[in-house]
Structure formats: structure tokens, C-alpha cells
Amino acid sequence: MTVGRPLPHEAAHLHVAGAAPFTDDIPEAAGTLHVALGLSPLAHARLLGIDLDALRTLPGVVAVLTAADIPGANDCGPIQHDDPILADTQVHYLGQPVFAVVARTRELARRAAARARQVLQLEALPALLDPLEAHARRQYVVPPMRLARGDARAALAAAPQRLSGRFRLGGQEQFYLEGQIAYALPQEDGALLVHSSTQHPSEMQQVVAHALQLPVHKVQVSCRRMGGGFGGKESQSALFAAIAALAAQRLQCPVKLRPDRDDDFLITGRRHGFHFDWQVGFDAAGRLLAAEVEMVCNAGFSTDLSPPVMTRALCHFDNAYWIPHVDLRGHCARTNTQSNTAFRGFGGPQGALAVEIILDDIARQLGRDPLEVRRVNFYGPSPDPARGDAGERNVTPYGQVVEDNILHPLVDQLAADARYAERRAAVDAFNAASPVLKKGLALTPVKFGISFNVAHFNQAGALVHVYTDGSVLVNHGGTEMGQGLNTKVAQVVAQELGLPFERVRVTATDTHKVANTSATAASTGSDLNGKAAQDAARRIRQRLAAFALQRGAALAAPGRPQGGGSAPAPRDPETVRFADGFVEIPSGDAAALRLPFAELVNQAWQARVQLWSDGFYATPGLHWDRERLQGRPFFYFAYGAAVSEVMIDTLTGETRLLRADLLHDVGASLNPAIDRGQIEGAYVQGLGWLTSEELVWHPQTGALLTHAPSTYKIPTAQDIPAQFHTRLFDNRNLADSIHRSKAVGEPPLLLAFSAFLAIRDAIAAAGPPGCVPPLRAPATPEAVLEALDAVQAGPSPATPGGAAPPDTIG
């Protein structure tokens with residue numbers, strides 16, 4: 001068995017030796033030039049002109065390119081055509097690329113591009129920087145969305161108890177270790193090869209082709225690996241690929257574009273910040289009866305992927321809970337800031353955190369343990385006459401039946417293993433005796449839908465080649481960004497052909513090998529590409545099995561017993577067994593013939609049996625009405641839960657994560673080692689988002705002030721708890737996924753909710769009983785101190801702390 005083993009990452013030995021080449025490590029061809037981008041110094045302005053001559057005379061400058069030099073579409077928007085490659089008549093945010101300098105060296109290009117303020121002729125226009133102000137003015141990138149079920153207004157009016165509040169949730173920079181980069185090389189007959197650090201080679205191919213007015217088959221995009229992506233290289237790598245390709249085509253020489261980290265921050269978008277206004281109705285047990293929620297996200301200056309991000313936020317507001325009446329409204333506010341984009345979870349974490357905040361507030365209002373309130377709201381497969389429903393407790397607000405609900409046993413197991421009840425009592429005792437240091441504890445669940453909301457994106461292709469020595473080469477449409485996709489795909493192919501893992505190699509993603517691919521996103525990489533590669537390998541195995549049966553007697557080497565029993569040899573190819581690098585061919589009553597895989601392959605080649613195959617997979621059963629937000633958008637759900645324990649210093653606002661217990665559902669794991677790494681990494685990334693990674697823009701100029709590691713704080717080794725326990729929940733996917741596994745890329749990020757809510761719990765311990773901490777996210781020391789001041793000042797409304805401090809915008 002190759003599948004299910006905790007094998008190391010297929011390139012781990014290369015990474016630790018510094019021998020895994022990334023795009024910037026590709027040896028530069030002779031005559032390679034370098035590009036740097038001239039960025040707008042204003043958040044909103046009319047572009048009157050550019051002093052190009054002043055730039056062209058600078059040392060080392062070969063060319064300066066503007067929007068006028070783009071022969072085709074000056075657009076890299078993935079959904080709507082509102083995202084220019086280079087600004088044309090207006091600039092829409094501080095940091096927007098306006099021109100591209102091509103020079104002999106990267107340093108000379110950067111020096112020239114840095115003169116943007118001197119050479120750009122701009123007429124300042126009013127800048128809209130606050131998403132709530134944009135919402136008030138009804139400035140959106142797309143029309144508002146609504147997801148509704150039942151009659152929320154009437155149910156609210158009839159509810160025994162009601163609560164309302166607001167919550168502000170910040171965005172998050174992807175902070176991939178390898179920044180954006182593209183390297184374009186002219187090819188014969190006007191074609192181009194573009195090496196791009198991207199999660200979506202096919203989209204890069206399309207953008208480059210349209211910008212340069214080339215047929216798509218003349219653009220080849222390749223990506224061997226990325227040093228992280230997290231969604232930031234799904235659509236926003238297009239601008240860099242297009243500019244590098246434009247310069248390479250125009251100058252007919254190789255061109256590389258690798259922005260500085262600060263410029264990467266200033267140019268690209270990130271996870272959407274959200275503002276929530278909500279009111280809910282509930283009963284004495286804390287059961288939700290109705291919810292009205294208004295969500296406002298900061299889309300930035302263009303559409304990018306904001307509509308599907310908001311859709312997923314709306315569809316994940318329910319998280320693990322049955323809510324009979326909902327009225328959810330989503331608004332994608334247009335502001336003069338970077339256009340926000342995909343980030344691990346794609347809106348799902350934002351939507352799901354809102355309901356967790358609400359349930360936490362309800363528990364404090366009722367004086368109940370928050371876990372108790374969460375449990376009574378879980379989805380359930382059985383009718384509940386006490387609530388007047390007849391089995392609908394397993395249907396989401398968007399109409400999908402929750403068929404594989406394991407929330408109850410999973411949470412029960414975690415609560416027992418992590419000794420939640422015992423530790424809850426210990427935390428309360430500690431807080432009663434400690435006036436300055438306070439502890440907090442929280443357990444939160446996760447239900448996360450797996451698939452692209454757009455049904456036709458749920459497809460994948462693969463190629464598998466078997467060579468005459470029995471080694472195997474695989475190519476598929478997914479991209480490797482450190483998450484172990486290639487390792488899992490290689491395991492799947494090795495399993496299908498009965499080979500050791502080492503006999504299978506996966507090559508660079510390439511649009512000239514597998515065409516029209518979907519992005520490696522939405523946690524679908526292994527599901528889609530694993531199934532496609534399995535399909536291709538299975539076709540080859542079936543051909544080899546049929547050949548083996550057909551030639552059974554002749555395949556035996558001299559001296560091997562030929563079999564002579566009275567029973568005829570089986571004719572079903574499925575009776576041929578591939579395992580451990582050998583092929584066993586049944587031979588009637590005689591012992592099965594056992595051949596090395598390589599030997600069978602060589603003889604099949606001599607018999608002109610096809611030893612390569614393509615494979616294809618399309619996720620079945622999906623449908624979605626994007627106008628009504630109804631359908632079956634997800635193939636299945638992944639589940640998980642986490643317990644986090646924290647300590648805060650009430651004098652400084654500092655927090656420390658003491659312990660984390662994670663239990664996560666990955667179905668029948670393809671690779672437990674890689675899955676554990678993904679779970680722990682996602683938790684820590686979510687921890688950073690909710691505790692330390694604060695984005696700050698200047699309130700007047702719109703300048704992003706946190707654009708480097710010195711001002712933007714991602715988690716470090718010091719933030720990892722001393723007690724960090726991660727387990728995989730024993731489960732087998734009911735859906736026919738690849739080997740009944742489940743996706744693991746995005747769902748575990750939501751496990752970090754427990755850390756944020758544990759901080760809230762600790763703050764509440766510093767205030768009067770029943771107080772509700774108005775804690776915004778991220779829970780920086782400043783945010784914690786503000787919340788402490790609020791709870792210690794006296795009674796507080798449900799969640800009043802949604803207003804942003806005066807020096808930030810959402």
C-alpha cells in the first residue's frame with residue numbers, strides 16, 4: 001500500500017539541501033533583462049501624463065512601457081474587465097502600477113521605477129478608503145447579494161430572546177515566502193514561454209494571450225513549484241506574468257519581473273476584511289431561531305474574486321449550526337485600496353467566525369458554557385419536535401442536505417481527550433485567584449464545504465507515461481506550493497500501478513501538457529487531480545492486465561511452470577494483481593505467474609500496447625443558482641474542532657497561547673504526515689490572522705503602512721504553544737472522493753477560532769459576570785486593552801466593539 005502511508009514530501013530532500021529550484025532559480029538566459037514597476041503615489045487621481053524621456057535616459061534603462069504599449073486587452077480581471085494591467089486614464093489606489101521600466105539589471109530597473117513620483121503627472125481626486133463609507137454611498141463592485149430562508153423578520157419578532165451587535169474582522173496578507181515573479185522567454189514563430197509562480201497557469205496563459213493578441217496555443221505557462229501561494233497567486237499573479245510577457249515580446253529577449261517584498265505588498269490584495277451587523281433570536285437554551293446579518297467586505301478598487309468570496313462567506317455563516325430562519329446580505333464595497341483576492345478559506349472563515357461570535361455572546365447572555373450552546377445548535381439528522389421541525393435540521397440555508405454529519409461524535413471525542421470540562425473548572429479557579437493574569441478556554445467546531453462554487457471549475461486532467469524500465473512520469477493540472485499535492489498524486493498513481501512510491505515522478509505544471517485547467521484552490525487539488533491521475537493510471541493498468549491475460553503462457557520465462565490444471569485461466573483483467581512492483585497473473589489451477597512490473601511493461605511495449613494515457617475527472621452532482629444562492633455547491637463537508645487555552649496580561653494586553661488540541665476530519669487520509677502538517681500550519685496561519693497580523697492604512701493618503709515584516713507581524717516559533725496536540729478523526733468519506741479522503745488545505749484554518757474566542761473568554765474573566773468583550777480581530781495587545789477597558793468600565797451591549805480605531809480602515 002502506498003496510499004495512506006505517512007511518506008515525506010516528494011521534494012523534502014531537495015528543500016532541506018537548498019536544491020529545489022523556484023522560478024527565480026531558473027538559470028537566466030543570455031541577454032535577460034529585468035523589469036520594475038512604477039507605482040502610483042496617490043490613492044485616486046487622474047493620470048495626465050508620464051515624463052517617459054526622463055526615465056529612458058536613466059542608467060541601464062532599455063525601455064519604458066505604459067498601457068499604450070499593450071496591443072490587446074489591458075485587463076487582468078478574472079471575472080469582470082475592471083482591473084488594468086497598467087493604469088491608463090486614472091489611478092485607483094496608492095501602489096497601482098502605472099509604467100514598467102525594463103533595464104539591464106534588477107537594481108537599475110528598481111532605481112528608475114522609484115522615480116514615479118517625479119515623472120507622473122497626476123491630478124488628485126477624492127479617495128474613498130473606508131468600506132463602511134463606501135457601503136453608505138452604495139459603492140460596490142457588484143450588486144448586493146442575499147441568502148435567505150424562512151421569515152427571519154417574523155421569527156425575530158416572535159423569539160423569546162433577542163440580541164444584536166457588530167463585529168469587525170481585519171484582512172490578512174498571504175505573505176508567501178516566495179514573492180510574485182514571472183520570467184518570460186520568446187520562442188520561435190512569435191510564441192512565448194512564461195515561467196510564473198502561480199496557482200492558475202491556464203488563467204495566466206489566457207491573460208497573456210489576450211493582452212498580446214496571440215492565440216492561446218502560442219503562450220506556454222509553466223510552474224514547477226511555488227514557495228507558498230495561499231490564494232494570493234490565483235488571480236493576482238496575472239499582472240506580473242502579463243508585463244513580463246509584454247516586455248519579452250516587444251524587445252524579443254528574455255525578461256524577468258520580481259518585485260521587492262514592499263512593492264508586492266503595495267501592489268497586490270489579500271484576505272478581505274469584513275464588518276458584520278447582526279441581530280438574532282433564540283430561546284432559553286440558546287437555540288438560534290432566526291438571524292439577520294449584514295456583511296460588508298472591503299473589495300478594494302476592482303472586482304477580482306470578491307463576488308465568490310462573499311458567496312462563500314454567506315454560505316459558511318451557518319458553520320456547524322442549524323438556523324431555521326436566516327436573512328443574510330452581502331455587500332462588496334469598492335474602495336481606493338488594493339483589490340482584495342483569494343486567501344485560504346476564500347470567505348468561508350470570515351462568514352463562519354461571525355456565527356461563532358454570536359453564539360459566544362448568547363452563551364454569556366444566558367450564563368451558559370459556550371460549548372453547551374454550540375452543541376444544542378449543531379446540525380442533526382433527526383427531527384426535533386421541540387423546535388417544530390420535521391427533519392429539516394440537516395439542510396443548509398442554501399438548500400444542500402448535510403449528509404455526512406459527524407459533528408457530535410467528533411466534538412465529544414475532542415472534549416473528552418482534551419479534558420475540556422476539567423480544564424474549564426481549572427481556568428475558572430485560576431482566574432478567581434489571579435487579578436492580573438487571566439486564562440481563557442474555548443472549543444469551536446468546523447463544517448467546511450469542498451468544491452468550487454462555480455460548477456464547471458470542478459474538473460481536472462492528467463497524463464501518465466510508463467517507460468520501458470517500469471518508471472512512471474505524471475503530469476497534472478494542479479500546482480505544487482508546498483502543500484504536498486504532487487506527493488499525494490504520486491501516491492495515487494503508485495497505488496494504482498502497484499509500484500513503490502520512488503518509481504513515480506510528477507513534473508512541472510505546464511499548459512502545453514494539460515490544457516484548460518482550474519486553479520489549485522478551494523481545497524480541491526488532491527480531489528480533482530488525484531482522480532484524474534488515477535483515471536489515467538487505471539487505463540494503463542487495464543491495458544497491461546488485458547495484455548497479460550492474453551499472453552499469459554507466452555509471458556512465462558523459460559523454466560517457469562506453465563500451469564497445466566484442468567481449470568481455464570481467468571479472463572477478467574481485474575483478476576490480475578499489481579502490487580509491490582510485481583504483476584501476478586492467474587493461471588487456472590496452477591500457481592499465479594509473477595512478473596516484475598518492468599518486465600511486463602517491456603514486453604507490452606514490444607507488443608505495441610499503449611503505455612501512456614490521459615485521465616479526466618469532473619466532480620459529480622454539483623449545481624448552483626448564483627442569483628438565488630441555492631443548490632448543491634459542495635461535493636461534501638470536512639469537519640473538525642479545536643480547544644485552545646490562552647493567558648492574557650491585563651496590564652499590557654499581551655496574549656500567550658498555552659495549549660492547542662486539534663481533531664480534524666480528513667476522511668481516509670492519503671498521507672497522514674502531510675495532512676497533519678497542513679492542519680497545524682493552517683491553525684497557526686489562522687492564529688496569526690486573528691491575533692497579530694494587523695493591516696493598517698493611512699486614513700488620509702490610503703498608504704498601506706504595514707508593508708514589510710518590520711510592521712506586519714506573522715506568527716513565529718515563539719507563538720506556537722508548548723502543548724500542541726493534533727489528531728486525525730477516524731472517518732471515511734461518504735462521497736466517492738479519491739480513496740475516500742477529504743480535502744485538508746482550507747478547513748483547518750477555522751480551528752484557530754478557538755484561540756480568538758479563548759482570548760475573549762480571558763477578557764470576560766476580567767469584567768463583571770455576563771459581560772461581553774468588544775474584541776475586534778486581530779486581537780493585538782491594543783485591541784485586547786481596549787476590550788479590557790470596556791468590560792471593566794461596566795455593563796456592555798452584546799458586541800459594540802465593531803468600530804475601527806481612527807488610524808485604520810477595514
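**Close-up views of cavities, a pocket and helix contacts**

**View 1. Lining of the largest cavity.** Sorted by class, 8 nonpolar, 5 polar and 2 charged residues line the largest cavity. Here Ala, Val, Leu, Ile, Met, Phe, Trp, Tyr, Cys and Pro count as nonpolar, Asp, Glu, Lys and Arg as charged, and the others, Gly among them, as polar. The model is predicted: local features need pLDDT of at least 70, side-chain atom pairs count only at pLDDT 80 or more, and totals for chains, interfaces and linings use all residues. Residues are numbered from 1 along each chain as its sequence is written, and side-chain values use heavy atoms, leaving out hydrogens and water. The space in the largest cavity is about 150 Å³. Of its 15 lining residues, Asp 83, Tyr 93, Gln 236, Leu 239 and Ile 267 are the closest to its centre. On a 1 Å grid over the protein atoms alone, a cavity is a set of points where a 1.4 Å probe fits but cannot get out, and a pocket is an open set with protein on both sides within 12 Å along at least five of seven lines; lining residues have an atom within 4 Å of a point. Grid points are joined across faces, edges and corners, and a volume is the space filled by probe spheres set on the points.

**View 2. The largest pocket.** The largest pocket has a volume of about 1400 Å³. Its lining has 46 residues, and Ile 79, Pro 308, Val 454, Phe 457 and Arg 626 lie nearest its centre. With 5 residues, α7 gives the most to this lining. Helices (H or I, at least four residues) and strands (E, at least two) are DSSP runs, numbered from the N terminus. The lining comprises 21 nonpolar, 17 polar and 8 charged residues.

**View 3. Helices α7 and α8.** The axes of α7 and helix α8 (residues 238-251) come within 9 Å and cross at roughly 45°. Axes are lines fitted to C-alpha atoms, for helices over the stretch in contact, and angles run from 0 to 180 degrees between N-to-C directions. The two helices α7 and α8 are therefore oblique to each other; angles under 35 degrees count as roughly parallel, over 145 as roughly antiparallel, 65 to 115 as roughly perpendicular and the rest as oblique.

**View 4. Helices α11 and α20.** Helix α11 (residues 348-366) packs against helix α20 (residues 753-765) at an angle of about 30°, with the axes 11 Å apart. That angle makes α11 roughly parallel to α20.
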